[in-house]
Every structure is written in C-alpha cells, then in structure tokens.
Amino acid sequence: MNTLVIIITGILGATLTFYFNEHLKQGPVRSSAMLSLIVGLLFYLFPELLNPFLTKNIPVVFIGGSFIGMISFKAKGTYVILVIASIIFSCIYLNKSQFFNGYGGALGNSAFIALLITMGVSMLFFKRNRLTSRILLARRRRIKRRKARNKK
C-alpha cells in the first residue's frame with residue numbers, strides 16, 4: 001500500500017507542477033516551489049497524519065515529481081510522458097541503493113534519469129516526432145546550400 005501511495009504522490013507532483021507551469025503560467029520554478037512548500041508544510045505541521053514511512057517520504061517524492069513536472073510543453077511534455085516518468089521516478093526512489101549517498105541532487109538526478117528514459121523510449125516508438133522532423137528539415141537546407149555553392 002505504501003508503494004502505491006508513493007507512486008501516486010510522484011504522479012501528482014509532476015502533473016500538478018506541469019499544470020501550474022503551462023496552464024496557469026506560473027513558471028516552472030515557482031510552480032515547483034509553491035506546491036512543494038504546501039506539501040512539505042502539511043506533513044511538517046501534521047506529522048501524525050499518516051504512518052511514519054509515508055510522512056517522511058511523501059514530501060521528498062513530491063519534490064522529485066515536481067522536478068519532472070518542470071518540463072516544458074515545447075520539449076514534448078505531455079501528461080502521458082509525465083505519468084510514465086513519474087512512475088519510473090517513484091520506482092527508482094523506492095529501490096535506490098547506497099549509490100546516491102553523498103551525491104548532491106539525488107532527486108534531480110533520479111528525475112532526469114526517469115525523464116530521459118521516458119522521452120528516449122517515446123522517440124523510439126514514434127518515428128515521426130518534432131525533433132526528427134526538424135533534423136530532417138535542417139539536413140535538407142544544408143544540402144540545398146551545398147548545391148547552390150557548387151553551382152557558383
């Protein structure tokens with residue numbers, strides 16, 4: 001049951017931050033900070049609200065999920081990608097080893113790894129995405145320029 005709560009917390013952190021960022025135009029940093037502060041204060045002021053494991057880990061997972069939600073819509077940020085990345089992040093968080101001990105920014109690194117995996121897999125399955133189209137367009141322009149130079 002704790003695992004499910006942690007995964008849902010990660011999903012809520014990412015989707016709420018993305019919503020505040022993109023739809024309410026609050027900006028990524030403000031959205032993440034505001035929501036994380038609310039969740040952190042809630043569990044600081046009411047520590048007996050849930051069991052000790054959840055009280056300790058929900059604010060941390062929410063902050064990590066909010067890092068995922070800071071993605072821009074222009075960077076192919078969609079709610080599907082956010083949910084999948086949040087699930088991966090939550091699994092990384094729950095199964096983290098001692099590898100991240102001593103490294104600053106373990107939450108940010110975990111969130112980045114989850115987003116990188118999700119976006120990489122989505123690019124493999126969706127052959128024609130914006131990035132691929134832009135790369136092909138730039139390549140065509142370069143070829144036309146070379147042909148124009150060679151004619152001169």
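Predicted model: local features only at pLDDT ≥ 70, side-chain atom pairs only at ≥ 80, totals over all residues.
The fold is helices and nothing else in the way of secondary structure: six helices, zero strands.

**Overall layout**
- Reading from the N terminus, the elements go α-α-α-α-α-α.
- Take the contacts between residues at least 6 apart in sequence, and 70% of them join residues at least 24 apart.

**Helix H1 by itself**
- H1 covers residues 2-22, which is 21 residues.
- From first C-alpha to last, H1 reaches 30 Å, close to the 30 Å you'd expect at 1.5 Å a residue.
- Its buried residues include Ile 6, Ile 7, Thr 9, Gly 10, Gly 13 and Ala 14.
- Further along H1, Phe 18, Phe 20, Asn 21 and Glu 22 are among the buried ones too.
- The cover over these buried residues includes H2 (28-45), H3 (52-69) and H4.

**How H1 packs on H4**
- H4 spans residues 79-94, and its axis lies 8 Å from that of H1.
- The two helices pack at about 140°; angles over 145 would count as roughly antiparallel, so H1 and H4 are oblique to each other.
- Their crossing is right-handed.
- On the H1 side, the contact includes Thr 3, Ile 6, Ile 7, Gly 10, Ile 11 and Phe 18.
- H4 answers with Tyr 79, Leu 82, Val 83, Ser 86, Ile 87, Ser 90 and Leu 94.
- Sorted by class, that contact has eleven nonpolar residues, five polar ones and no charged ones.

Definitions and conventions: Residues numbered from 1 in each chain as written. Heavy atoms only, no water. Axes fitted to C-alpha atoms, helices over the stretch in contact; angles between N-to-C directions. Helix = DSSP H or I, 4+ residues; strand = E, 2+ residues; numbered from the N terminus. Parallel < 35°, antiparallel > 145°, perpendicular 65-115°, else oblique. Left-handed = near helix turned anticlockwise from the far one by under 90°. Contact = heavy atoms within 4.5 Å. Nonpolar A, V, L, I, M, F, W, Y, C, P; charged D, E, K, R; others polar. Expected span 1.5 Å × (residues − 1). Buried < 20%, exposed > 50% of the residue type's maximum accessible area, 1.4 Å probe, protein only.
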